[in-house]
Amino acid sequence: ISQEAKSCIDELREHKLLNGLKIATEDFQPITAYQVSTSGIKYLKTLPNTLFQDVDSFTYAPNAPHYDSELLHCSYDGDAFLLTTRSGYQRQSSCSDVEDVSYVTSPFLPANLRTPWGKPLSSNTHRAHECALGVTDVKDELNEA
């Protein structure tokens, strides 16, 4: 889960719109299960239908006549993630497509955590000029919220 998603979930929980339940997996890994609260359901009823249509557009097959049976299911076939429905709709997901990013990074590890005989960390400062050459192909609207 991304930091942005975690922030959104935390905000929903602060406003009592989402419940959380701490549970453990079979191998004892702690996870949190979420459920829309009663207040959250009431709030959802106040939202415009266009918001629900936006969500439906990426959770259901296009032009699905019966949403309850056309929910997209995700699977991995060894090469790609596939989105399919019970009625036979199928398409490849673009969730793992690489996007061009306009920044250059280098690994960093404080000196006190490195061993004297360890491999030196690489530096990509010589590649900083490449940032100006990139063209954005980010498909989402980005904001600082």
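The legends below describe close-up views of a predicted model.

**View 1. Strands β1 and β2 pair as a hairpin.**
Strand β1 covers residues 18-24 and strand β2 covers residues 30-36. Seven bridges connect these two strands, which pair in the antiparallel sense. Five residues lie between β1 and β2, and Phe28 in the turn has a positive phi of about 65°.

**View 2. Strands β3 and β4 run antiparallel.**
β3 is formed by residues 73-76 and β4 by residues 81-84, with four bridges joining them. Two of the facing pairs can be named here. Cys74 has Leu83 in β4 as its bridge partner, and Ser75 stands opposite Leu82 in β4. The two strands form a hairpin with four residues between them. In its turn, Gly78 has a positive phi of about 100°.

**View 3. Strand β4 also pairs with strand β5.**
Strand β5 consists of residues 90-92 and is joined to β4 by three bridges. The β4 and β5 strands run antiparallel. Leu83, the bridge partner of Cys74, stands opposite Arg91 in β5. The hairpin of β4 and β5 has five residues between the strands, and Gly88 takes a positive phi near 110° there.

**View 4. The largest pocket has a volume of about 480 Å³.**
Its lining is made up of 13 residues. Leu12, Tyr43, Leu44, Leu47 and Val55 are the lining residues that lie nearest the centre of the pocket. The elements that give two or more residues to the lining are α2 (38-44) and α3 (49-59). Helix α3 gives the most, with five residues. Sorted by class, the lining has eleven nonpolar residues, one polar residue and one charged residue.

**View 5. A nonpolar surface patch has an area of about 380 Å².**
The patch is made by Val36, Ile41, Leu44, Leu51 and Phe52. The elements that give two or more residues to this patch are α2 and α3. Phe52 is found in helix α3. Leu44 belongs to the patch and is also among the residues nearest the centre of the largest pocket.

**View 6. Lys6 and Asp10 form a salt bridge.**
The closest N and O atoms of Lys6 and Asp10 are 3.2 Å apart. Because Lys6 and Asp10 are four residues apart in helix α1 (residues 3-14), about one helical turn separates them. Side chains of opposite charge can pair when their charged atoms come close. The structure holds one salt bridge.

Conventions. Residues numbered from 1 in each chain as written. Predicted model: local features only at pLDDT ≥ 70, side-chain atom pairs only at ≥ 80, totals over all residues. Heavy atoms only, no water. Pairing = 2+ DSSP bridges. 1 Å grid on protein atoms, 1.4 Å probe; cavity = no way out; pocket = protein on both sides within 12 Å on 5 of 7 lines; lining within 4 Å. Points joined across faces, edges and corners; volume = space filled by probe spheres on them. Nonpolar A, V, L, I, M, F, W, Y, C, P; charged D, E, K, R; others polar. Patch = residues over 30% accessible without salt bridge, like charges linked within 9 Å, V, L, I, M, F, W, Y side chains within 5 Å. Areas by Shrake-Rupley, 256 points an atom, 1.4 Å probe, with all protein chains shown as cover. Salt bridge = Lys/Arg side-chain N within 4 Å of Asp/Glu carboxyl O.
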